[in-house]
Amino acid sequence: MTIRHLKTARSAEMRSEDDAKVRASVEDILKDIETRGDTAVRELSERFDSYTPASFRLTQAEIDALIAQLTPREIEDIKFAQAQVRAFAEAQRASMLDIEIETLPGVILGHKNIPVQSVGCYVPGGKFPMVASAHMSVLTAAVAGVPRIVACTPPFKGKPNPGVIAAMHFGGAHEIWVLGGIQAVGAMAIGTQSMEPVHMLVGPGNAYVAEAKRQLYGRVGIDLFAGPTETMVIADDTVDAELCATDLLGQAEHGYNSPAVLVTNSEALAKATLAEIERILTVLPTADTARKSWEDYGEVILCDSHDEMLAVADDIASEHVQVMTDRDEWYLEKMTCYGALFLGPRTNVANGDKVIGTNHTLPTKKAGRYTGGLWVGKFLKTHSYQKVTTDAAAAQIGEYCSRLCMLEGFVGHAEQANIRVRRYGGRNIAYGTAAE
């Protein structure tokens with residue numbers, strides 16, 4: 001096995017230093033929000049976004065006025081994308097069934113899938129207005145049946161972005177707030193004088209938003225721990241360098257720290273892709289961002305075989321994995337650690353980000369090893385229940401329960417079983433002893 005890095009990324013130590021600075025800053029800001037509520041939120045919005053309206057929550061009239069700024073084509077496009085996301089989310093929801101079975105005569109067990117009762121959806125918008133993120137969080141929560149959906153997004157260039165607001169509204173948000181960053185997720189989770197807290201936070205964001213969600217986890221649920229956008233291209237000589245370079249830089253433009261990795265078994269393709277990236281960076285309008293990501297976080301990994309490429313890909317567990325090889329279905333069958341797969345040269349990550357229907361809120365920083373991305377099931381809690389409907393079943397289960405509780409030394413537990421064996425089974429069991 002020979003694996004060579006033709007290009008490497010920044011050291012993990014440098015990234016850790018960055019993470020430590022973010023952690024400390026977020027902790028202080030969340031404490032301030034908890035202490036001072038709306039006053040802190042207003043000061044933070046002024047500090048970070050230069051935005052302090054009379055009310056951060058939009059009225060229906062304000063929402064309608066913003067939507068009216070969009071062209072009919074823009075509204076049609078948003079609704080088309082939401083139709084794709086809704087169709088897939090509804091199919092996923094239909095796969096999650098409530099169940100009830102009788103495991104023994106008179107012993108009935110079941111579970112119900114109950115929506116989370118309130119969700120805060122964060123939709124990024126500082127650098128780019130992330131219209132599509134509203135589909136992925138707000139609309140998916142609506143399909144799950146969440147009864148209170150709060151949506152927050154920062155102002156874009158000093159004012160609400162009509163496309164984002166329209167997507168939130170069409171997606172089913174019950175409250176729309178023009179509020180960004182830590183102050184948004186902090187207000188939604190902690191609550192303020194003007195905002196009731198939610199039970200769960202979802203949606204992507206920058207490093208500060210992601211860290212705020214991490215620190216708030218436990219107080220509220222979250223969808224996942226998300227870091228900067230990651231992309232990986234797995235390619236062999238069936239595709240060309242222009243396609244590989246385009247797909248890598250298409251995601252590198254997200255931010256200054258977005259990892260982009262090429263894994264290939266073709267040295268010719270690897271070198272050609274490196275050259276093509278440099279060419280595209282001379283014409284790409286977002287090259288300032290994409291170049292920084294590529295220089296600091298880009299990698300090119302050359303392998304001898306598809307088995308090696310598979311091993312490397314599963315170890316990295318990238319958020320987005322674009323597979324363009326002579327055996328795409330083989331990767332679908334074999335890969336186990338990733339956020340989402342994009343199979344074949346006709347497919348691309350931007351499709352998944354914006355319109356095709358799968359959710360684009362996905363695990364990063366190797367979290368694909370233990371979780372998938374946001375989907376309708378994340379908004380549902382599976383709660384079990386049980387009922388014993390006959391005297392004979394109460395006595396039978398009670399005898400086993402009594403003995404097993406005493407085996408562990410839980411006498412009070414055992415008595416919960418014993419009293420039912422006495423009442424429903426007619427057995428005379430001495431207090432604090434196991435049923436024989």
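Okay, let's start with two helices. Helix α3, residues 60-67, packs against helix α6, residues 162-171, at an angle of about 120°, and their axes are 8 Å apart. That angle makes α3 oblique to α6. If you look at the handedness, α3 passes α6 in a left-handed crossing. Before I go on, please keep in mind that this is a predicted model.

So which residues in α3 and α6 meet each other? On the α3 side we have Gln60, Ile63, Leu66 and Ile67. On the α6 side, they meet Pro162, Ile165, Ala166, His169 and Phe170.

Next, some annotated positions. An unreviewed UniProt entry places the feature "binding site" at Tyr122, Gln183 and Asn206. These positions are spread over 85 residues of sequence, and yet they cluster in space, with a largest C-alpha distance of 12.9 Å.

Let's take glutamine 183 from that group. You'll find glutamine 183 in helix α7, which covers residues 181-190. Is glutamine 183 buried or exposed? Its relative accessible area is 2%, and buried means under 20%, so glutamine 183 is buried. What is it in contact with, once we leave aside its neighbours within four places in sequence? Those contacts are Ile33, Val41, Leu44, Ser45, Phe48 and Asp49. There is also something close by in the chain: a polar atom of the glutamine 183 side chain lies 3.0 Å from the backbone oxygen of glycine 180.

Now asparagine 206. Asparagine 206 sits in the loop between β7 (200-202) and α8 (207-216). Here the relative accessibility is 45%, so asparagine 206 counts as partly exposed, since that class runs between 20% and 50%. A polar atom of the asparagine 206 side chain lies 3.0 Å from the backbone nitrogen of tyrosine 208.

Here's another set with that label. For "binding site", again in an unreviewed entry, UniProt lists Gln251, His254, Asp353 and His413. Why can't we say that they all gather at one spot? They span 163 residues in sequence, and the farthest two C-alpha atoms are 55.9 Å apart, so they do not all gather in one place.

Two members of this set are worth a look. Glutamine 251 is in helix α9, residues 241-252. With a relative accessible area of 5%, glutamine 251 is buried. Setting aside neighbours within four places in sequence, glutamine 251 is in contact with Thr229, Thr231, Ser258, His320, Val349, Ala350 and Asp353.

Histidine 413 is in helix α16, residues 411-425. Its relative accessibility is 41%, and so histidine 413 counts as partly exposed.

One more residue, and then I'm done. Where does serine 118 lie? Look in the loop between β3 (107-115) and β4 (119-122). Serine 118 is buried, with a relative accessible area of 5%. Not counting residues up to four places away in sequence, serine 118 touches Val146, Arg148, Pro197, Val198, His199 and Met200.

How values were computed
Residues numbered from 1 in each chain as written. Predicted model: local features only at pLDDT ≥ 70, side-chain atom pairs only at ≥ 80, totals over all residues. Heavy atoms only, no water. UniProt positions renumbered as here; feature names shortened; annotations may be inferred. Helix = DSSP H or I, 4+ residues; strand = E, 2+ residues; numbered from the N terminus. Buried < 20%, exposed > 50% of the residue type's maximum accessible area, 1.4 Å probe, protein only. Contact = heavy atoms within 4.5 Å. Polar contact = N/O pair within 3.5 Å; in protein donor to acceptor, adjacent residues only side chain to side chain. Axes fitted to C-alpha atoms, helices over the stretch in contact; angles between N-to-C directions. Parallel < 35°, antiparallel > 145°, perpendicular 65-115°, else oblique. Left-handed = near helix turned anticlockwise from the far one by under 90°.
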